[in-house]
2 protein chains.
Amino acid sequence: MTIQADVAPGLLEQVDQPRVGDAFGELVTRCWAAGARPGSVFEVLERADGAVFATDTSHWFSGPAQWNGAETWACEQARGRILDIGCGPGRHALALTEAGHHVLGLDSSPGAVAVAEERGLSVVLGELGEAEALGAFDTLLLLGNNLGFLGSRESSPAVLAQLAALARPGSQLLASTRDMRNSQVPETLAYRARNRALGRLPGEYRVRIRSRATATPWFEYLYASVDEVRELVRDSPWALCDSHQEGTAVAVRLELRG
Amino acid sequence: MTIQADVAPGLLEQVDQPRVGDAFGELVTRCWAAGARPGSVFEVLERADGAVFATDTSHWFSGPAQWNGAETWACEQARGRILDIGCGPGRHALALTEAGHHVLGLDSSPGAVAVAEERGLSVVLGELGEAEALGAFDTLLLLGNNLGFLGSRESSPAVLAQLAALARPGSQLLASTRDMRNSQVPETLAYRARNRALGRLPGEYRVRIRSRATATPWFEYLYASVDEVRELVRDSPWALCDSHQEGTAVAVRLELRG
(Lines give C-alpha, C1' and ligand atoms only; values in the text may rest on other atoms or scores of the structure.)
Protein backbone atom coordinates (compact mmCIF):
# COMPACT_ATOMS: atom_id res chain seq x y z
CA MET A 1 0.00 0.00 0.00
CA THR A 2 1.40 3.38 -0.89
CA ILE A 3 0.81 5.81 1.86
CA GLN A 4 1.21 9.22 0.34
CA ALA A 5 -1.78 11.24 -0.69
CA ASP A 6 -2.38 14.92 -1.02
CA VAL A 7 -3.58 15.93 2.38
CA ALA A 8 -6.30 18.50 2.17
CA PRO A 9 -5.64 21.66 4.19
CA GLY A 10 -7.16 21.33 7.62
CA LEU A 11 -7.19 17.54 7.50
CA LEU A 12 -5.25 17.23 10.71
CA GLU A 13 -7.62 19.61 12.49
CA GLN A 14 -10.42 17.20 11.69
CA VAL A 15 -8.87 14.36 13.63
CA ASP A 16 -10.80 13.50 16.78
CA GLN A 17 -9.48 12.06 20.01
CA PRO A 18 -11.07 8.80 21.11
CA ARG A 19 -13.82 9.09 23.72
CA VAL A 20 -12.70 8.23 27.22
CA GLY A 21 -14.45 5.17 28.60
CA ASP A 22 -14.24 1.51 29.50
CA ALA A 23 -12.12 0.44 26.53
CA PHE A 24 -10.80 -2.58 28.40
CA GLY A 25 -14.32 -3.72 29.25
CA GLU A 26 -15.42 -3.29 25.63
CA LEU A 27 -12.52 -5.41 24.43
CA VAL A 28 -13.08 -8.33 26.79
CA THR A 29 -16.85 -8.16 26.23
CA ARG A 30 -16.41 -8.44 22.46
CA CYS A 31 -13.79 -11.15 22.81
CA TRP A 32 -15.99 -13.13 25.21
CA ALA A 33 -18.91 -12.80 22.76
CA ALA A 34 -16.60 -14.26 20.10
CA GLY A 35 -15.93 -17.29 22.28
CA ALA A 36 -12.59 -15.83 23.44
CA ARG A 37 -11.29 -17.02 20.09
CA PRO A 38 -7.69 -16.00 19.25
CA GLY A 39 -7.71 -13.56 16.34
CA SER A 40 -11.19 -12.25 17.06
CA VAL A 41 -10.35 -9.04 18.95
CA PHE A 42 -7.16 -7.01 19.23
CA GLU A 43 -6.40 -4.30 21.72
CA VAL A 44 -4.10 -1.36 21.20
CA LEU A 45 -1.85 -0.15 23.99
CA GLU A 46 -0.71 3.41 23.33
CA ARG A 47 2.28 4.74 25.23
CA ALA A 48 3.06 8.39 25.93
CA ASP A 49 5.99 8.35 23.49
CA GLY A 50 3.52 7.83 20.64
CA ALA A 51 4.22 4.11 20.36
CA VAL A 52 1.38 1.65 19.86
CA PHE A 53 1.38 -2.08 20.52
CA ALA A 54 -1.41 -4.42 19.46
CA THR A 55 -2.12 -7.69 21.23
CA ASP A 56 -4.71 -10.39 20.97
CA THR A 57 -7.40 -9.84 23.59
CA SER A 58 -7.93 -13.59 23.89
CA HIS A 59 -4.87 -13.74 26.14
CA TRP A 60 -7.06 -12.35 28.95
CA PHE A 61 -8.92 -15.66 28.76
CA SER A 62 -5.90 -17.96 28.61
CA GLY A 63 -5.73 -21.05 30.79
CA PRO A 64 -2.86 -22.20 33.01
CA ALA A 65 -1.27 -24.14 30.13
CA GLN A 66 -0.64 -20.84 28.30
CA TRP A 67 0.70 -18.89 31.28
CA ASN A 68 4.34 -18.04 31.67
CA GLY A 69 6.34 -19.76 34.39
CA ALA A 70 6.31 -16.77 36.70
CA GLU A 71 2.52 -16.55 36.78
CA THR A 72 2.22 -20.30 37.27
CA TRP A 73 4.67 -20.10 40.16
CA ALA A 74 2.70 -17.22 41.71
CA CYS A 75 -0.60 -19.10 41.51
CA GLU A 76 0.98 -22.11 43.20
CA GLN A 77 1.69 -19.94 46.26
CA ALA A 78 -1.92 -18.78 46.66
CA ARG A 79 -3.63 -19.78 49.90
CA GLY A 80 -6.47 -18.82 52.24
CA ARG A 81 -8.85 -15.99 51.40
CA ILE A 82 -7.72 -14.55 48.06
CA LEU A 83 -8.37 -11.17 46.41
CA ASP A 84 -7.52 -11.00 42.71
CA ILE A 85 -6.88 -7.30 42.10
CA GLY A 86 -7.47 -6.14 38.55
CA CYS A 87 -8.91 -9.56 37.79
CA GLY A 88 -10.26 -8.58 34.37
CA PRO A 89 -12.43 -11.36 32.95
CA GLY A 90 -10.90 -13.67 35.53
CA ARG A 91 -8.37 -16.05 34.00
CA HIS A 92 -6.43 -16.52 37.25
CA ALA A 93 -9.49 -16.35 39.51
CA LEU A 94 -11.20 -19.01 37.44
CA ALA A 95 -8.28 -21.43 37.56
CA LEU A 96 -7.80 -20.90 41.29
CA THR A 97 -11.51 -21.32 41.98
CA GLU A 98 -11.52 -24.55 40.00
CA ALA A 99 -8.56 -25.67 42.10
CA GLY A 100 -10.71 -25.27 45.22
CA HIS A 101 -9.59 -21.84 46.41
CA HIS A 102 -11.89 -19.09 47.66
CA VAL A 103 -11.25 -16.15 45.36
CA LEU A 104 -12.86 -12.73 45.17
CA GLY A 105 -12.12 -10.58 42.15
CA LEU A 106 -11.81 -6.79 42.07
CA ASP A 107 -11.79 -4.67 38.93
CA SER A 108 -12.73 -1.11 38.05
CA SER A 109 -13.90 -2.04 34.54
CA PRO A 110 -17.69 -2.59 34.45
CA GLY A 111 -17.35 -4.59 31.25
CA ALA A 112 -14.69 -6.89 32.66
CA VAL A 113 -16.66 -7.41 35.88
CA ALA A 114 -19.76 -8.35 33.89
CA VAL A 115 -17.81 -10.95 31.90
CA ALA A 116 -16.17 -12.36 35.03
CA GLU A 117 -19.60 -12.72 36.62
CA GLU A 118 -20.92 -14.49 33.54
CA ARG A 119 -18.08 -16.93 34.02
CA GLY A 120 -19.37 -17.68 37.51
CA LEU A 121 -16.83 -15.70 39.49
CA SER A 122 -17.42 -13.52 42.55
CA VAL A 123 -16.27 -10.06 41.57
CA VAL A 124 -16.55 -6.59 43.04
CA LEU A 125 -16.61 -3.50 40.83
CA GLY A 126 -14.38 -0.86 42.31
CA GLU A 127 -11.04 0.75 42.87
CA LEU A 128 -8.30 -0.56 45.08
CA GLY A 129 -8.60 2.53 47.28
CA GLU A 130 -12.27 1.76 47.96
CA ALA A 131 -11.80 -1.93 48.78
CA GLU A 132 -11.15 -1.76 52.52
CA ALA A 133 -14.70 -2.82 53.34
CA LEU A 134 -13.96 -6.20 51.79
CA GLY A 135 -11.99 -7.14 54.90
CA ALA A 136 -8.59 -8.78 55.20
CA PHE A 137 -7.21 -11.38 52.83
CA ASP A 138 -4.51 -14.02 53.20
CA THR A 139 -3.39 -13.59 49.60
CA LEU A 140 -3.55 -10.52 47.39
CA LEU A 141 -2.94 -11.15 43.69
CA LEU A 142 -1.56 -8.60 41.24
CA LEU A 143 -1.12 -10.92 38.27
CA GLY A 144 -1.14 -10.23 34.55
CA ASN A 145 1.68 -7.72 35.21
CA ASN A 146 -0.55 -5.89 37.68
CA LEU A 147 2.42 -5.07 39.83
CA GLY A 148 2.09 -2.23 37.33
CA PHE A 149 -0.58 -0.66 39.55
CA LEU A 150 2.23 0.57 41.78
CA GLY A 151 2.45 3.11 38.99
CA SER A 152 5.69 4.88 39.74
CA ARG A 153 8.28 5.40 42.43
CA GLU A 154 6.20 8.37 43.52
CA SER A 155 2.85 6.60 43.73
CA SER A 156 3.96 3.20 45.00
CA PRO A 157 4.09 4.01 48.76
CA ALA A 158 0.40 4.97 48.73
CA VAL A 159 -0.56 1.89 46.70
CA LEU A 160 1.46 -0.42 48.96
CA ALA A 161 -0.36 1.12 51.94
CA GLN A 162 -3.73 0.52 50.26
CA LEU A 163 -2.73 -3.08 49.72
CA ALA A 164 -1.61 -3.42 53.35
CA ALA A 165 -5.05 -2.24 54.47
CA LEU A 166 -6.47 -5.39 52.84
CA ALA A 167 -4.04 -7.71 54.62
CA ARG A 168 -3.04 -8.92 58.09
CA PRO A 169 0.42 -9.77 59.37
CA GLY A 170 1.69 -12.76 57.45
CA SER A 171 -0.61 -12.15 54.49
CA GLN A 172 1.12 -12.38 51.16
CA LEU A 173 1.07 -10.29 48.01
CA LEU A 174 1.79 -12.16 44.78
CA ALA A 175 2.55 -9.85 41.89
CA SER A 176 3.82 -10.33 38.38
CA THR A 177 5.61 -7.93 36.06
CA ARG A 178 8.09 -7.86 33.21
CA ASP A 179 11.80 -7.18 33.34
CA MET A 180 12.11 -4.99 30.23
CA ARG A 181 15.80 -4.09 30.53
CA ASN A 182 16.67 -6.12 27.44
CA SER A 183 13.67 -5.19 25.32
CA GLN A 184 14.15 -5.84 21.61
CA VAL A 185 12.06 -2.76 20.78
CA PRO A 186 14.26 0.31 20.18
CA GLU A 187 11.43 2.68 21.11
CA THR A 188 11.08 0.94 24.47
CA LEU A 189 14.79 1.26 25.20
CA ALA A 190 14.64 4.95 24.28
CA TYR A 191 11.56 5.47 26.44
CA ARG A 192 13.26 3.80 29.40
CA ALA A 193 16.37 5.92 28.94
CA ARG A 194 14.28 9.07 28.85
CA ASN A 195 12.48 8.03 32.04
CA ARG A 196 15.83 7.51 33.72
CA ALA A 197 17.00 10.92 32.57
CA LEU A 198 13.86 12.44 34.08
CA GLY A 199 14.61 10.78 37.43
CA ARG A 200 11.88 8.17 37.02
CA LEU A 201 12.23 4.43 37.17
CA PRO A 202 12.85 3.27 33.61
CA GLY A 203 9.72 1.12 33.62
CA GLU A 204 7.27 3.89 34.57
CA TYR A 205 5.04 3.67 31.54
CA ARG A 206 2.27 6.13 30.82
CA VAL A 207 -0.25 4.33 28.70
CA ARG A 208 -3.85 4.01 27.69
CA ILE A 209 -5.78 1.13 26.18
CA ARG A 210 -7.73 1.77 23.00
CA SER A 211 -10.65 -0.19 21.63
CA ARG A 212 -12.10 1.11 18.39
CA ALA A 213 -13.08 4.73 19.22
CA THR A 214 -12.88 4.32 23.01
CA ALA A 215 -9.79 4.83 25.13
CA THR A 216 -9.16 4.49 28.83
CA PRO A 217 -7.80 7.56 30.58
CA TRP A 218 -4.01 7.75 30.50
CA PHE A 219 -2.61 5.90 33.49
CA GLU A 220 0.75 4.99 34.96
CA TYR A 221 1.80 1.36 34.87
CA LEU A 222 5.11 0.14 36.20
CA TYR A 223 7.34 -2.61 34.83
CA ALA A 224 10.09 -3.49 37.27
CA SER A 225 12.94 -5.89 37.81
CA VAL A 226 13.20 -7.87 41.06
CA ASP A 227 15.88 -5.46 42.28
CA GLU A 228 13.62 -2.51 41.60
CA VAL A 229 10.76 -4.17 43.50
CA ARG A 230 13.12 -4.73 46.45
CA GLU A 231 13.97 -1.03 46.38
CA LEU A 232 10.33 0.06 46.11
CA VAL A 233 9.12 -2.00 49.08
CA ARG A 234 12.07 -1.28 51.37
CA ASP A 235 10.29 1.29 53.54
CA SER A 236 6.81 -0.16 53.06
CA PRO A 237 4.72 -2.49 55.24
CA TRP A 238 5.75 -5.31 52.90
CA ALA A 239 8.85 -7.50 52.80
CA LEU A 240 10.10 -9.18 49.64
CA CYS A 241 10.33 -12.89 50.52
CA ASP A 242 10.72 -14.68 47.24
CA SER A 243 10.82 -14.18 43.50
CA HIS A 244 10.74 -16.22 40.33
CA GLN A 245 11.93 -15.15 36.89
CA GLU A 246 11.72 -16.95 33.54
CA GLY A 247 12.99 -14.86 30.67
CA THR A 248 11.39 -11.44 31.06
CA ALA A 249 8.50 -12.78 33.16
CA VAL A 250 8.87 -11.93 36.86
CA ALA A 251 6.78 -12.81 39.88
CA VAL A 252 7.42 -11.71 43.45
CA ARG A 253 6.04 -12.83 46.80
CA LEU A 254 5.81 -10.16 49.48
CA GLU A 255 4.66 -10.64 53.07
CA LEU A 256 3.07 -8.07 55.32
CA ARG A 257 5.48 -7.35 58.14
CA GLY A 258 4.27 -8.31 61.61
CA MET B 1 -6.86 -5.15 34.42
CA THR B 2 -8.21 -2.17 36.29
CA ILE B 3 -7.67 0.96 34.38
CA GLN B 4 -8.10 3.78 36.80
CA ALA B 5 -5.10 5.46 38.36
CA ASP B 6 -4.53 8.89 39.71
CA VAL B 7 -3.35 10.84 36.73
CA ALA B 8 -0.65 13.28 37.71
CA PRO B 9 -1.36 16.88 36.69
CA GLY B 10 0.14 17.58 33.31
CA LEU B 11 0.25 13.92 32.34
CA LEU B 12 -1.68 14.52 29.16
CA GLU B 13 0.64 17.32 28.14
CA GLN B 14 3.49 14.82 28.26
CA VAL B 15 1.98 12.64 25.57
CA ASP B 16 3.94 12.73 22.33
CA GLN B 17 2.63 12.29 18.83
CA PRO B 18 4.23 9.49 16.83
CA ARG B 19 6.98 10.55 14.44
CA VAL B 20 5.86 10.72 10.83
CA GLY B 21 7.63 8.21 8.63
CA ASP B 22 7.45 4.95 6.69
CA ALA B 23 5.33 3.07 9.23
CA PHE B 24 4.03 0.71 6.57
CA GLY B 25 7.56 -0.12 5.43
CA GLU B 26 8.65 -0.75 9.02
CA LEU B 27 5.77 -3.14 9.55
CA VAL B 28 6.36 -5.25 6.46
CA THR B 29 10.12 -5.22 7.04
CA ARG B 30 9.69 -6.59 10.57
CA CYS B 31 7.08 -9.09 9.45
CA TRP B 32 9.30 -10.28 6.58
CA ALA B 33 12.22 -10.66 9.02
CA ALA B 34 9.92 -12.84 11.14
CA GLY B 35 9.27 -15.13 8.17
CA ALA B 36 5.92 -13.41 7.48
CA ARG B 37 4.62 -15.52 10.35
CA PRO B 38 1.03 -14.81 11.44
CA GLY B 39 1.03 -13.32 14.93
CA SER B 40 4.49 -11.83 14.61
CA VAL B 41 3.63 -8.21 13.75
CA PHE B 42 0.42 -6.21 14.07
CA GLU B 43 -0.35 -2.91 12.47
CA VAL B 44 -2.68 -0.26 13.81
CA LEU B 45 -4.93 1.69 11.49
CA GLU B 46 -6.10 4.90 13.14
CA ARG B 47 -9.10 6.71 11.72
CA ALA B 48 -9.92 10.40 12.09
CA ASP B 49 -12.83 9.63 14.41
CA GLY B 50 -10.35 8.32 16.99
CA ALA B 51 -11.04 4.68 16.18
CA VAL B 52 -8.18 2.18 15.95
CA PHE B 53 -8.15 -1.19 14.24
CA ALA B 54 -5.34 -3.71 14.59
CA THR B 55 -4.62 -6.31 11.95
CA ASP B 56 -2.01 -8.97 11.43
CA THR B 57 0.67 -7.65 9.08
CA SER B 58 1.24 -11.16 7.70
CA HIS B 59 -1.83 -10.67 5.49
CA TRP B 60 0.36 -8.51 3.22
CA PHE B 61 2.24 -11.73 2.44
CA SER B 62 -0.76 -13.99 1.91
CA GLY B 63 -0.92 -16.31 -1.08
CA PRO B 64 -3.78 -16.79 -3.54
CA ALA B 65 -5.36 -19.49 -1.35
CA GLN B 66 -6.00 -16.87 1.35
CA TRP B 67 -7.38 -14.15 -0.93
CA ASN B 68 -11.02 -13.25 -1.06
CA GLY B 69 -13.01 -14.12 -4.17
CA ALA B 70 -12.98 -10.58 -5.51
CA GLU B 71 -9.19 -10.33 -5.52
CA THR B 72 -8.88 -13.78 -7.08
CA TRP B 73 -11.33 -12.76 -9.79
CA ALA B 74 -9.38 -9.55 -10.45
CA CYS B 75 -6.07 -11.38 -10.80
CA GLU B 76 -7.64 -13.78 -13.28
CA GLN B 77 -8.35 -10.82 -15.59
CA ALA B 78 -4.75 -9.58 -15.62
CA ARG B 79 -3.03 -9.58 -19.01
CA GLY B 80 -0.19 -7.95 -20.96
CA ARG B 81 2.17 -5.49 -19.33
CA ILE B 82 1.03 -5.08 -15.72
CA LEU B 83 1.64 -2.31 -13.17
CA ASP B 84 0.81 -3.23 -9.58
CA ILE B 85 0.15 0.14 -7.92
CA GLY B 86 0.73 0.22 -4.19
CA CYS B 87 2.19 -3.26 -4.45
CA GLY B 88 3.52 -3.31 -0.89
CA PRO B 89 5.71 -6.36 -0.33
CA GLY B 90 4.20 -7.84 -3.46
CA ARG B 91 1.69 -10.57 -2.69
CA HIS B 92 -0.24 -10.09 -5.94
CA ALA B 93 2.81 -9.26 -8.06
CA LEU B 94 4.54 -12.41 -6.83
CA ALA B 95 1.63 -14.71 -7.66
CA LEU B 96 1.15 -13.12 -11.08
CA THR B 97 4.86 -13.29 -11.86
CA GLU B 98 4.89 -16.96 -10.88
CA ALA B 99 1.93 -17.45 -13.23
CA GLY B 100 4.08 -16.13 -16.10
CA HIS B 101 2.94 -12.51 -16.24
CA HIS B 102 5.21 -9.50 -16.64
CA VAL B 103 4.56 -7.36 -13.60
CA LEU B 104 6.15 -4.15 -12.42
CA GLY B 105 5.40 -2.95 -8.91
CA LEU B 106 5.07 0.64 -7.73
CA ASP B 107 5.05 1.76 -4.12
CA SER B 108 5.94 4.92 -2.23
CA SER B 109 7.14 3.03 0.84
CA PRO B 110 10.92 2.50 0.78
CA GLY B 111 10.61 -0.35 3.27
CA ALA B 112 7.95 -2.16 1.26
CA VAL B 113 9.93 -1.72 -1.98
CA ALA B 114 13.03 -3.19 -0.34
CA VAL B 115 11.10 -6.25 0.81
CA ALA B 116 9.46 -6.70 -2.59
CA GLU B 117 12.90 -6.57 -4.22
CA GLU B 118 14.23 -9.15 -1.79
CA ARG B 119 11.40 -11.36 -2.96
CA GLY B 120 12.70 -11.06 -6.52
CA LEU B 121 10.14 -8.60 -7.84
CA SER B 122 10.72 -5.62 -10.12
CA VAL B 123 9.54 -2.60 -8.20
CA VAL B 124 9.81 1.15 -8.59
CA LEU B 125 9.85 3.46 -5.59
CA GLY B 126 7.61 6.40 -6.23
CA GLU B 127 4.26 8.10 -6.31
CA LEU B 128 1.51 7.47 -8.81
CA GLY B 129 1.81 11.06 -10.02
CA GLU B 130 5.47 10.54 -10.89
CA ALA B 131 5.03 7.24 -12.73
CA GLU B 132 4.38 8.49 -16.28
CA ALA B 133 7.95 7.73 -17.35
CA LEU B 134 7.20 4.04 -16.87
CA GLY B 135 5.24 4.03 -20.11
CA ALA B 136 1.86 2.52 -20.88
CA PHE B 137 0.48 -0.67 -19.36
CA ASP B 138 -2.19 -3.09 -20.49
CA THR B 139 -3.31 -3.73 -16.92
CA LEU B 140 -3.18 -1.45 -13.91
CA LEU B 141 -3.78 -3.12 -10.57
CA LEU B 142 -5.19 -1.39 -7.49
CA LEU B 143 -5.60 -4.48 -5.32
CA GLY B 144 -5.58 -4.91 -1.55
CA ASN B 145 -8.43 -2.33 -1.47
CA ASN B 146 -6.20 0.15 -3.29
CA LEU B 147 -9.18 1.54 -5.12
CA GLY B 148 -8.87 3.55 -1.91
CA PHE B 149 -6.22 5.72 -3.57
CA LEU B 150 -9.04 7.52 -5.35
CA GLY B 151 -9.26 9.15 -1.93
CA SER B 152 -12.53 11.02 -2.15
CA ARG B 153 -15.13 12.28 -4.58
CA GLU B 154 -13.07 15.46 -4.76
CA SER B 155 -9.70 13.85 -5.47
CA SER B 156 -10.79 10.95 -7.67
CA PRO B 157 -10.92 12.81 -11.04
CA ALA B 158 -7.23 13.73 -10.72
CA VAL B 159 -6.26 10.21 -9.67
CA LEU B 160 -8.26 8.65 -12.49
CA ALA B 161 -6.46 11.00 -14.91
CA GLN B 162 -3.07 9.96 -13.49
CA LEU B 163 -4.06 6.34 -14.01
CA ALA B 164 -5.16 7.08 -17.57
CA ALA B 165 -1.72 8.54 -18.30
CA LEU B 166 -0.30 5.05 -17.64
CA ALA B 167 -2.71 3.33 -20.02
CA ARG B 168 -3.71 3.19 -23.67
CA PRO B 169 -7.16 2.73 -25.18
CA GLY B 170 -8.41 -0.71 -24.20
CA SER B 171 -6.09 -0.97 -21.19
CA GLN B 172 -7.83 -2.15 -18.07
CA LEU B 173 -7.80 -1.08 -14.47
CA LEU B 174 -8.52 -3.81 -11.92
CA ALA B 175 -9.28 -2.44 -8.48
CA SER B 176 -10.55 -3.92 -5.25
CA THR B 177 -12.34 -2.30 -2.34
CA ARG B 178 -14.84 -3.08 0.42
CA ASP B 179 -18.54 -2.41 0.48
CA MET B 180 -18.88 -1.24 4.08
CA ARG B 181 -22.58 -0.31 4.05
CA ASN B 182 -23.42 -3.16 6.41
CA SER B 183 -20.43 -2.86 8.71
CA GLN B 184 -20.90 -4.54 12.08
CA VAL B 185 -18.84 -1.84 13.77
CA PRO B 186 -21.05 0.92 15.22
CA GLU B 187 -18.24 3.48 15.03
CA THR B 188 -17.88 2.79 11.32
CA LEU B 189 -21.60 3.29 10.70
CA ALA B 190 -21.46 6.56 12.65
CA TYR B 191 -18.39 7.69 10.74
CA ARG B 192 -20.07 6.94 7.42
CA ALA B 193 -23.20 8.82 8.47
CA ARG B 194 -21.12 11.82 9.47
CA ASN B 195 -19.32 11.77 6.11
CA ARG B 196 -22.67 11.72 4.35
CA ALA B 197 -23.88 14.67 6.43
CA LEU B 198 -20.73 16.55 5.42
CA GLY B 199 -21.48 15.94 1.74
CA ARG B 200 -18.74 13.34 1.38
CA LEU B 201 -19.05 9.80 0.15
CA PRO B 202 -19.67 7.65 3.24
CA GLY B 203 -16.52 5.63 2.61
CA GLU B 204 -14.10 8.57 2.49
CA TYR B 205 -11.85 7.48 5.34
CA ARG B 206 -9.10 9.66 6.75
CA VAL B 207 -6.58 7.33 8.26
CA ARG B 208 -2.98 6.75 9.13
CA ILE B 209 -1.02 3.57 9.76
CA ARG B 210 0.93 3.28 12.99
CA SER B 211 3.88 1.03 13.73
CA ARG B 212 5.32 1.34 17.23
CA ALA B 213 6.27 5.06 17.48
CA THR B 214 6.07 5.77 13.73
CA ALA B 215 2.97 6.86 11.84
CA THR B 216 2.34 7.59 8.20
CA PRO B 217 0.95 11.02 7.41
CA TRP B 218 -2.84 11.16 7.53
CA PHE B 219 -4.23 10.25 4.14
CA GLU B 220 -7.58 9.78 2.45
CA TYR B 221 -8.60 6.28 1.48
CA LEU B 222 -11.91 5.47 -0.14
CA TYR B 223 -14.13 2.43 0.37
CA ALA B 224 -16.86 2.26 -2.22
CA SER B 225 -19.71 0.10 -3.44
CA VAL B 226 -19.95 -0.85 -7.11
CA ASP B 227 -22.64 1.79 -7.59
CA GLU B 228 -20.40 4.45 -6.10
CA VAL B 229 -17.54 3.42 -8.38
CA ARG B 230 -19.88 3.72 -11.36
CA GLU B 231 -20.77 7.22 -10.24
CA LEU B 232 -17.13 8.22 -9.67
CA VAL B 233 -15.91 7.11 -13.10
CA ARG B 234 -18.86 8.46 -15.09
CA ASP B 235 -17.09 11.57 -16.42
CA SER B 236 -13.61 10.04 -16.35
CA PRO B 237 -11.51 8.46 -19.14
CA TRP B 238 -12.51 5.08 -17.70
CA ALA B 239 -15.59 2.94 -18.24
CA LEU B 240 -16.84 0.41 -15.71
CA CYS B 241 -17.04 -2.89 -17.61
CA ASP B 242 -17.41 -5.56 -15.00
CA SER B 243 -17.50 -6.17 -11.27
CA HIS B 244 -17.42 -9.03 -8.84
CA GLN B 245 -18.62 -9.02 -5.24
CA GLU B 246 -18.40 -11.70 -2.56
CA GLY B 247 -19.69 -10.55 0.79
CA THR B 248 -18.12 -7.16 1.42
CA ALA B 249 -15.21 -7.81 -0.98
CA VAL B 250 -15.59 -5.93 -4.26
CA ALA B 251 -13.49 -5.89 -7.42
CA VAL B 252 -14.15 -3.80 -10.51
CA ARG B 253 -12.76 -3.87 -14.03
CA LEU B 254 -12.54 -0.55 -15.84
CA GLU B 255 -11.39 0.04 -19.41
CA LEU B 256 -9.82 3.15 -20.81
CA ARG B 257 -12.23 4.64 -23.31
CA GLY B 258 -10.98 4.76 -26.91
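Trainee: In this predicted model, is strand β4 of chain A largely enclosed or open?

Mentor: Strand β4(A) covers residues 81–85. Four of its five residues are buried, so the rest of the structure leaves the strand largely enclosed.

Trainee: Which residue of β5(A) stands opposite L83(A)?

Mentor: Strand β5(A), residues 102–107, runs parallel to β4(A), and five bridges join the two. Together with helix α3(A), residues 91–98, these strands make a β-α-β unit that is right-handed. Within β5(A), the residue opposite L83(A) is L104(A).

Trainee: What is the bridge partner of D84(A) in β7(A)?

Mentor: Strand β7(A), residues 137–142, also pairs with β4(A), in the parallel sense and over three bridges. In this pairing D84(A) has as its partner L141(A).

Trainee: What covers the buried residues of α3(A)?

Mentor: An α-helix has 3.6 residues a turn, so residues three or four places apart point the same way. In α3(A) the buried residues are R91(A), H92(A), A93(A), A95(A) and L96(A). Their cover includes α2 (69–77), β4, β5 and β7 of chain A.

Trainee: Which residue takes a positive phi just after α3(A)?

Mentor: Most residues other than glycine have a negative phi. Just after α3(A), a glycine takes a positive value of about 100 degrees, namely G100(A).

Trainee: Which residues of β11(A) are buried on each side?

Mentor: In a regular strand the side chains alternate between the two faces of the sheet. Both faces of β11(A) are covered. One side holds the buried residues F219(A) and Y221(A), and the other holds E220(A) and L222(A).

Trainee: What is the length of the polar contact between the side chains of R206(A) and E220(A)?

Mentor: R206(A) belongs to strand β9 of chain A, which pairs with β11(A) in the antiparallel sense over four bridges. R206(A) and E220(A) are bridge partners in that pairing. R206(A) is also buried, because its relative accessible area of 8% falls under 20%. The side chains of R206(A) and E220(A) are joined by a polar contact of 2.9 Å.

Trainee: How much area do chain A and chain B bury between them?

Mentor: The size of an interface is often given as the accessible area lost when the parts come together. Here 55 residues of chain A are in contact with 54 residues of chain B. Of the area buried between the chains, 61% is on carbon and sulfur atoms, and the total is about 4,800 Å².

Trainee: Which residue of chain A forms a salt bridge with R194(B)?

Mentor: Between chain A and chain B there are six salt bridges. In the one formed by R194(B), the closest N and O atoms are 2.8 Å apart, and the partner is D16(A).

Trainee: How many residue pairs are in polar contact across the interface of chain A and chain B, and which elements of chain A supply residues to it?

Mentor: With both residues at pLDDT 80 or more, the rule finds 14 residue pairs in polar contact across this interface. The elements that each supply at least two residues to the side of chain A touching chain B are β2 (42–47), β3 (52–56), β5, α6 (186–197), β9 (204–211) and β11 (219–222).

Trainee: Is A36(B) buried or exposed?

Mentor: A36(B) lies in the loop between α1 (23–33) and β2 (42–47) of chain B. Although not a glycine, A36(B) has a positive phi of about 55 degrees. Its relative accessible area is 18%, which is under 20% and therefore counts as buried.

Technical notes: Residues numbered from 1 in each chain as written. Chains lettered and ligands numbered in written order. Predicted model: local features only at pLDDT ≥ 70, side-chain atom pairs only at ≥ 80, totals over all residues. Heavy atoms only, no water. Buried < 20%, exposed > 50% of the residue type's maximum accessible area, 1.4 Å probe, protein only. Pairing = 2+ DSSP bridges. Right-handed = clockwise from strand over helix to strand, strands pointing away. Contact = heavy atoms within 4.5 Å. Buried area = accessible area lost by both parts, 1.4 Å probe. Salt bridge = Lys/Arg side-chain N within 4 Å of Asp/Glu carboxyl O. Polar contact = N/O pair within 3.5 Å; in protein donor to acceptor, adjacent residues only side chain to side chain.
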